[in-house]
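Here is a short walk through one protein model. Keep the sequence and the 3D view side by side as you read.

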Amino acid sequence: MKKSKKGRIFYGCAEYPNCDFISWDEPSMEKCPRCGKTLLKKKGKHPKYYCITPDCGYERVEHPDEENKDEA
């Protein structure tokens with residue numbers, strides 16, 4: 001995790017700036033079920049996990065537990 005000149009958090013590899021990986025979205029420890037590459041987590045009300053490989057197209061949205069709403 002690094003910070004830009006404006007203070008915005010971004011993610012790069014351990015060799016940054018000598019590598020070409022940079023992302024505004026947080027890399028997760030999960031692997032893509034389609035291609036095996038890393039999944040990135042886009043923050044928000046319903047976090048979305050998507051594959052780092054653009055051609056893969058895999059994405060998954062996390063929804064809050066529906067069970068907790070029924071009990072309230």
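A residue counts as buried under 20% relative accessible area, as exposed over 50%, and as partly exposed in between. Glu 30 has a relative accessible area of 32%, so Glu 30 is partly exposed. The model is predicted.

Start with the partner of Glu 30. Arg 60 forms a salt bridge with Glu 30. Their closest N and O atoms are 3.1 Å apart. This pair links distant parts of the chain. Arg 60 sits in strand 7, residues 59-61, while Glu 30 sits in strand 4. The two are 30 residues apart. Arg 60 is partly exposed too, because its relative accessible area is 27%.

Side chains of opposite charge can pair when their charged atoms come close. How many salt bridges does a search of the whole structure find? It finds three.

Another one joins Lys 48 and Glu 59. Here the closest N and O atoms are 3.6 Å apart. Lys 48 belongs to strand 6, residues 48-51, and Glu 59 to strand 7, so this bridge ties together parts 11 residues apart in sequence. Lys 48 has a relative accessible area of 24% and is partly exposed. Glu 59, at 48%, is also partly exposed.

Next come Lys 42 and Asp 25. Their side chains meet in a salt bridge at 3.4 Å, N to O. Lys 42 lies in strand 5, residues 38-42, and Asp 25 in the loop between strand 3 (22-23) and strand 4, so the pair ties together parts 17 residues apart in sequence. Asp 25 counts as buried, at 12% relative accessibility.

Now return to strand 4, which spans residues 26-31 and holds Ser 28. Ser 28 counts as buried because its relative accessibility is 14%, under the 20% cut-off. The Ser 28 side chain reaches the backbone nitrogen of Glu 30 at 3.3 Å. Leaving aside residues up to four places away in sequence, Ser 28 touches Thr 38, Leu 39 and Tyr 49.

Leu 39 and Tyr 49 lead on to the largest nonpolar core. That core has six residues: Cys 32, Leu 39, Tyr 49, Cys 51, Cys 56 and Tyr 58. In soluble globular proteins, nonpolar side chains tend to be buried together. Beyond four places in sequence, Tyr 58 touches several residues, among them Cys 32, Leu 39, Tyr 49 and Cys 51. Its other contacts include Pro 33 and Arg 34.

Note on methods. Residues numbered from 1 in each chain as written. Predicted model: local features only at pLDDT ≥ 70, side-chain atom pairs only at ≥ 80, totals over all residues. Heavy atoms only, no water. Helix = DSSP H or I, 4+ residues; strand = E, 2+ residues; numbered from the N terminus. Buried < 20%, exposed > 50% of the residue type's maximum accessible area, 1.4 Å probe, protein only. Polar contact = N/O pair within 3.5 Å; in protein donor to acceptor, adjacent residues only side chain to side chain. Contact = heavy atoms within 4.5 Å. Core = buried A, V, L, I, M, F, W, Y, C linked by side-chain atoms within 4.5 Å. Salt bridge = Lys/Arg side-chain N within 4 Å of Asp/Glu carboxyl O.
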